[in-house]
Amino acid sequence: MTYLITGGAGYIGAHVVRAMTQAGERAVVLDDLSTGVASRIPQGVPLVIGSTLDRELLDRTIAEHRITGVVHLAAKKQVGESVEQPLHYYRENVHGLTVLLEAVAAAGVRNFLFSSSAAVYGMPDVDLVTEDTPCLPMSPYGETKLAGEWLVRAAGKAHGISTACLRYFNVAGAAAPELADIGIFNLVPMVFERLDAGDSPRIFGDDYGTADGTCVRDYIHVEDLADAHLVAARQLAAWARAGEPRDLTVNIGRGEGVSVCEMVNLINEITGHTVEPEVTPRRPGDPARVVASADRIAAELGWKARHDVRDMITSAWAGWTTHRQQT
Ligand SMILES: NC(=O)c1ccc[n+]([C@@H]2O[C@H](COP(=O)([O-])OP(=O)(O)OC[C@H]3O[C@@H](n4cnc5c(N)ncnc54)[C@H](O)[C@@H]3O)[C@@H](O)[C@H]2O)c1
């Protein structure tokens with residue numbers, strides 16, 4: 001199979017490229033480098049610089065490289081920015097996906113994996129979030145992911161494409177230091193940045209109805225996440241070969257909640273810091289607890305995460321310190 005991996009120069013995309021090529025699949029990356037880094041792409045993997053909004057470029061790339069499957073990760077992903085710039089987010093994440101699906105359908109590509117997010121659930125009021133928990137996104141970003149899922153499933157049904165919508169929970173860690181997440185948008189890099197500057201890590205609210213009062217999330221190692229893409233891609237290919245297109249929507253998490261306080265303590269321990277966290281008021285829109293049920297992906301694909309939170313922090317810190325030395 002030859003996969004077009006959109007957003008393959010991004011944090012997660014580069015891990016997917018690595019997992020798929022190491023497993024013997026061919027990959028071609030399409031990325032506009034708006035947040036991606038070209039050096040994350042391994043030697044020998046072609047990089048096409050451009051946007052998913054460019055239909056002519058998509059048609060040419062799919063034809064030239066004889067693409068047989070697509071993994072679509074390219075998107076804008078900052079919740080706060082999406083509130084300020086909803087039109088930009090809808091254009092990039094929804095219109096960009098529509099154009100890509102048009103190109104895929106026209107070229108007769110039969111497999112399509114889509115990066116969705118736990119943001120589609122919004123503020124779920126359940127212990128474990130299953131794929132049947134109602135989707136009530138709280139931000140334009142989450143809305144674009146939910147609308148994206150609708151588009152993917154509808155196009156799959158109409159055009160005989162096997163599709164997977166993969167709802168990632170909180171992604172952390174790195175398979176190699178040079179692939180680490182260098183954006184300061186998620187908890188782990190945010191704490192690293194504060195510690196590096198000699199500041200106290202911030203905890204936004206300690207009065208939630210959780211065991212220690214801080215928000216609880218489900219963290220997934222990016223290497224496990226990339227492995228789940230490979231397993232899902234192979235399942236889609238098998239369905240397509242059998243002439244039985246199907247759609248699959250699955251959570252990708254570990255089914256285990258870790259509180260912000262526990263994460264900050266563990267980060268302190270692993271990085272050798274002793275800085276007391278500072279508790280600040282809650283951020284609007286932060287749900288108390290979002291933890292995946294990971295049962296469906298285990299049943300459908302036989303996939304289960306292997307890495308724990310300690311692995312995530314250790315590998316992320318190695319990436320962070322390497323990046324800091326280079327800048
Ligand atoms: N990081 C997380 O915790 C998380 C959680 C849930 C879902 N996701 C989803 O996973 C995907 C990858 O996220 P990431 O964390 O690697 O982000 P990232 O910003 O590192 O990667 C996104 C990549 O897409 C590229 N890109 C953006 N818009 C594009 C366009 N229109 N055309 C071509 N390339 C474009 C960027 O240059 C970048 O390389 C996104 O779809 C995101 O919504 C991420």
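Let me begin with helix α10, whose buried residues are Val-309, Met-312, Ile-313, Ser-315, Ala-316, Trp-317, Gly-319, Trp-320 and Thr-321. Before I go further, please keep in mind that this is a predicted model. An α-helix has 3.6 residues a turn, so residues three or four places apart point the same way. In α10, the buried residues pack against β7 (170-172), α6, β10, β12 and α8. The helix has 18 residues, and from its first C-alpha to its last it reaches 26 Å, close to the 26 Å expected at 1.5 Å a residue. At the start of α10, the backbone nitrogen of Arg-310 has a side-chain oxygen of Asp-308 within 3.3 Å.

That brings me to α8, which is one of the elements packed against by the buried residues of α10. For α8 itself, the buried residues are Val-260, Met-263, Val-264, Leu-266, Ile-267, Asn-268 and Thr-271, and what covers them includes α6 (187-196), β8 (202-204), β10 (219-221), β12 (258-259) and, once again, α10 (309-326). How far apart are the end C-alpha atoms of α8? They are 16 Å apart, and this agrees with expectation because 12 residues, at 1.5 Å a residue, should span 16 Å. After α8 comes Gly-272, which has a positive phi, near 75°.

Now to the ligand, which is surrounded by 29 residues, the closest being Asp-31, Thr-35, Lys-77, Glu-92 and Tyr-141. Sorted by class, this shell has 11 nonpolar, 12 polar and 6 charged residues. At least two shell residues are supplied by each of α1 (11-22), β5 (111-117) and α5 (140-159), and the largest share, 3 residues, comes from β5. Turning to individual atoms, a polar backbone atom of Ile-12 is 2.8 Å from an oxygen atom of the ligand. On the side-chain side, a polar atom of Asp-31 lies 2.6 Å from a ligand oxygen atom, and a polar side-chain atom of Tyr-141 likewise lies 2.6 Å from an oxygen atom of the ligand. The ligand taken alone exposes 830 Å², and the protein buries 95% of that.

Is His-229 buried or exposed? It counts as buried, because its relative accessibility is 1%, and the cut-off for buried is under 20%. Leaving aside residues up to four places away in sequence, His-229 touches Val-16, Val-71, Leu-73, Leu-113, Leu-166 and Tyr-168. With Tyr-168 there is also a polar contact, side chain to side chain, at 2.7 Å.

Most residues other than glycine have a negative phi. Leu-33, although not a glycine, has a positive phi of about 60°, and Arg-66, also not a glycine, has a positive phi of about 50°. Where do these two residues lie? Leu-33 lies in the loop between β2 (26-31) and β3 (47-49), whereas Arg-66 lies in the loop between α2 (55-64) and β4 (69-72). As for accessibility, Leu-33 is partly exposed, with a relative accessible area of 27%, while Arg-66, at 69% relative accessibility, counts as exposed.

Conventions:
Residues numbered from 1 in each chain as written. Predicted model: local features only at pLDDT ≥ 70, side-chain atom pairs only at ≥ 80, totals over all residues. Heavy atoms only, no water. Helix = DSSP H or I, 4+ residues; strand = E, 2+ residues; numbered from the N terminus. Expected span 1.5 Å × (residues − 1). Buried < 20%, exposed > 50% of the residue type's maximum accessible area, 1.4 Å probe, protein only. Contact = heavy atoms within 4.5 Å. Near = heavy atom within 4 Å. Polar contact = N/O pair within 3.5 Å; in protein donor to acceptor, adjacent residues only side chain to side chain. Areas by Shrake-Rupley, 256 points an atom, 1.4 Å probe, with all protein chains shown as cover. Nonpolar A, V, L, I, M, F, W, Y, C, P; charged D, E, K, R; others polar.
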